[in-house]
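Q: Could you show me how to read a helix and a strand in a model, taking one feature at a time?

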Amino acid sequence: MTATVIDGKAFAADLRARVAGLVPAFAAATGRVPGLAVVLVGEDPASAVYVKSKGRMTKEAGMAGFEHRLPAETTQADLLALVDTLNADGAVDGILVQLPLPRHIDEAAVIARIAPAKDVDGFTPENAGRLAAGLPALVPCTPLGCLMLLKDRLGDLTGLDAVVIGRSNIVGKPMAQLLLGESCTVTIAHSRTRDLPAVVRRADIVVAAVGRPRMVPGDWLKPGATVIDVGINRIEAGDGKTRLVGDVDYDSAVETAAAITPVPGGVGPMTIAVLLRNTLVAAHRRAGVPLADASL
Ligand code: NAD
């Protein structure tokens, strides 16, 4: 058996187009377009690349993008003051502070300062708590993108065994909450889990969010499992070049799984598409305007 490849790139392009299609109705109702503010502190090259593509795709979706690039030596007080300004700015519906922040800044304090209604990354304690309580929330983009791919592939997830490998606040934990919300039987595995292969082998759905190249081999998988590979790891490819691989060993997993996301081109493109979706949703909620497409 060879697995179906889940085309996250195409799904993300379609989602961005659906979001863009809903912007004119919002503009007609409110007299303005949704706005996303992105804050980048310092010169981390990977972050700079993400911020650039976020800016481009925001404009392509017909939304307003506000970019704030601050030097690495920015103080925590100055960053908090900028967040306060953005919280109060009526043209800003979504605020994203690009992580990681320089070491002298307390990330948790900065995230907690973002107004929950504008927290399009879904990282504030308020939104994390609302997700856990099953209340309407802004949900972290990467796990929500994973859930969209899973539902598109499998339809109703009720009763399926799901194993999430990784327990970070930005991927693993919210992913587990989302799957629980879909009535899966959810196991969260992590660095201290005993006999990880046996845990993974019982899963109908495996979400790998670890950050270790090709850690999950195909023979850990239950035949017919659906595999969502969140990992993005750069490895040496010989002759001085590098390439990206996931947390799952794609070549062996593809022989056992029923469906799998590739790296790159699987989960990666979903994150920005869901960010735009979250910004549109946040804009509608703030303006008190119902979203025309409830399925979004
Ligand atoms: P993290 O480092 O915060 O968390 C990693 C988790 O993996 C931890 O909870 C840890 O307990 C677990 N872990 C570590 N070693 C393990 C082991 N041997 N066995 C089982 N579990 C183990 O990472 P993160 O921010 O959650 O990101 C995970 C991966 O996903 C990274 O490769 C990251 O680049 C990628 N990522 C991709 C996107 C995207 O596609 N847009 C977004 C976020 C993160």
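This is a predicted model: local features need pLDDT of at least 70, side-chain atom pairs count only at pLDDT 80 or more; totals for chains, interfaces and linings use all residues.

Q: How many of the 14 residues of α6 are buried?

A: Ten of the 14 are buried, so that α6 is mostly covered, where buried means under 20% relative accessible area. Among the buried residues are Cys141, Pro143, Leu147 and Leu150.

Q: What span should helix α6 have at 1.5 Å a residue?

A: The 14 residues of α6 (residues 141-154) should span 20 Å, and because the end C-alpha atoms are 20 Å apart, the model agrees with that expectation. Just after α6 comes Gly155, which takes a positive phi of about 70 degrees.

Q: Which way do the residues of strand β7 point?

A: In a regular strand the side chains alternate between the two faces of the sheet. In β7 (residues 205-208), Ile205 and Val207 point one way while Val206 and Ala208 point the other way, and all are buried.

Q: Which strands are joined to β7 by bridges?

A: Strand β5 (residues 161-165) is joined to β7 by four bridges, and these two run parallel; here Ala162 has Ile205 as its bridge partner in β7. Four bridges also join β7 to strand β8 (residues 226-229), again running parallel, and the partner of Val207 in β8 is Ile228.

Technical notes:
Residues are numbered from 1 along each chain as its sequence is written. Side-chain values use heavy atoms; hydrogens and water are left out. Buried means under 20% relative accessible area, exposed over 50%, partly exposed in between (1.4 Å probe, protein chains only). Two strands pair if DSSP finds at least two bridges between them. The expected span of a helix is 1.5 Å times one less than its number of residues.
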